[in-house]
Structure formats: C-alpha cells, structure tokens
Amino acid sequence: MRIARTAADTGTDAETTEGDGMADADHPRTSAHDVAWFTAVVEEHSTALVRYFARRAPRQDAEDLAADVFTTAWRRRADVPDEAVLPWLYRTAGFTLANHRRKTVDLPVGEVPEAGTTRVADDPELSALFDAELRGALASVGERDRDILLLHAWEGLSGEELATALGISRSGADAALSRARKRLREAWGERLSF
C-alpha cells in the first residue's frame with residue numbers, strides 16, 4: 001500500500017534529516033517524537049482517509065490522495081491539533097480532493113470504467129432506481145451541504161469533530177448540518193417518483 005510506504009519513507013527521511021543536519025522547510029530538526037507521532041497517525045487514520053476518497057473520487061486514486069494528505073500532515077505537523085487529528089485530516093482531504101478534481105481529464109465515453117460494485121437486492125432494478133434518485137437528491141443540494149452530509153453520514157463526524165473539519169464553531173456546524181438535512185429531505189421529496 002502506498003500510504004504505508006509513504007509513512008515509512010517519511011520516517012526514514014526524517015531520521016536521516018536529523019542525523020545529517022538537513023532541515024525540513026517548516027521544522028529545522030525532526031525528532032524521533034515527530035516520527036513516532038506521524039507513524040501513529042498514519043496507522044490509525046489511513047483506512048478512514050482511503051475510504052473518504054474512495055467514496056468521492058475514482059477508487060484507483062484513493063490511496064494516492066490519502067498519501068497526499070499525510071504528506072501535508074507531515075509538513076504541517078505543528079498545526080495538527082492533538083485533540084482533533086482526524087477532523088483536521090478530513091479538512092485537508094477536502095482541499096486535496098478539490099485540487100484533484102480541478103486536474104481531472106475528461107475521458108471519451110468508450111473509456112469510462114465501470115463504477116462501483118453490483119448491489120444484491122430482491123429487486124436490482126428498483127435498487128438502481130433508488131440509488132440514482134438518492135444521488136440526484138444529493139447532487140441537487142449544493143456542494144457545501146453535500147460535504148456536510150457526507151462527513152456526517154459516511155465519516156461519522158458530528159459535534160466538535162464536524163466543526164473542526166468544517167473550520168467553523170460547534171453551533172455553526174450543528175446549524176449547518178440541520179440545514180443540510182432539511183435541504184436533502186426537500187430535494188428527496190421532490191425527486192422521489194416511484
């Protein structure tokens with residue numbers, strides 16, 4: 001897995017940096033504590049970040065995007081709050097994903113890979129229709145609302161963690177989640193046609 005290599009490479013580089021007197025751009029000296037902290041962060045949160053990206057970007061890019069987030073975390077390790085590491089990573093992941101989407105190249109229709117896995121249900125046609133309606137409702141609520149809803153539903157963030165990921169106050173996050181849910185209910189009601 002590329003993330004594991006990135007963490008190992010970064011740890012090795014960090015130890016080498018300390019020994020040979022080379023300086024990291026933001027940190028003149030890298031300590032064993034920094035390397036241990038970073039290794040623990042990667043081990044604890046790599047799966048969550050890969051899942052975050054796999055739900056929002058092409059699956060084949062998920063590990064690379066997560067590695068980019070961890071690279072940023074290493075460079076900005078002094079800015080990562082100990083009490084909210086995962087929300088900080090999600091916030092950085094949002095910026096990383098936005099940059100990735102700006103770089104996306106359109107493919108001719110014949111080259112578009114199949115997305116997702118086939119759902120097994122009693123009525124596959126109804127499941128497909130239901131999924132399409134839900135995707136349509138999510139797409140219609142706006143990017144900010146969609147991000148809030150997905151951070152809450154898929155990533156399990158609420159309260160203070162959601163506030164940190166969004167870069168707003170706790171009460172602002174609660175209000176934003178409430179508004180986003182209301183807009184999704186309204187969009188869902190308008191789209192639900194079966």
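Let's start where the axes of helix 4 and helix 7 come within 7 Å and cross at roughly 35°. Axes here are lines fitted to C-alpha atoms, for helices over the stretch in contact, and angles run from 0 to 180 degrees between N-to-C directions. This crossing of helix 4 and helix 7 is right-handed, meaning that the near helix is turned clockwise from the far one by less than a right angle, with anticlockwise giving a left-handed crossing. Pro 87, Trp 88, Tyr 90 and Arg 91 of helix 4 make the contact with Glu 161, Thr 164, Ala 165 and Leu 166 of helix 7, where contact means heavy atoms within 4.5 Å. Sorted by class, the contact of helix 4 with helix 7 has 5 nonpolar, 1 polar and 2 charged residues. For these classes, Ala, Val, Leu, Ile, Met, Phe, Trp, Tyr, Cys and Pro count as nonpolar, Asp, Glu, Lys and Arg as charged, and the others, Gly among them, as polar.

A word on the model: it is predicted, with local features needing pLDDT of at least 70 and side-chain atom pairs counting only at pLDDT 80 or more, while totals for chains, interfaces and linings use all residues. Residues are numbered from 1 along each chain as its sequence is written, and side-chain values use heavy atoms, leaving out hydrogens and water.

Stepping back, the chain has 8 helices and 0 strands; helices (H or I, at least four residues) and strands (E, at least two) are DSSP runs, numbered from the N terminus. Of its 194 residues, 38% count as buried, that is, under 20% relative accessible area, with exposed being over 50% and partly exposed in between (1.4 Å probe, protein chains only). Among contacts with a separation of 6 or more, 65% join residues 24 or more positions apart.

Helix 4 (residues 85–103) also packs with helix 3 (residues 62–75), at an angle of about 125° and with the axes 9 Å apart. Helix 3 and helix 4 are therefore oblique to each other; angles under 35 degrees count as roughly parallel, over 145 as roughly antiparallel, 65 to 115 as roughly perpendicular and the rest as oblique.

Take a closer look at Ala 73, which lies in helix 3. At 1% relative accessibility, Ala 73 counts as buried. Not counting residues up to four places away in sequence, Ala 73 touches Trp 37, Val 80, Trp 88 and Leu 89. From Ala 73 to Trp 88 is 15 residues in sequence and 8.8 Å in space, C-alpha to C-alpha.

Back at helix 7 (residues 159–166), another partner is helix 6 (residues 143–153), packed at an angle of about 140° with the axes 11 Å apart. That makes helix 6 oblique to helix 7. Arg 144, Ile 148 and Leu 151 in helix 6 meet Leu 162, Ala 165 and Leu 166 in helix 7.
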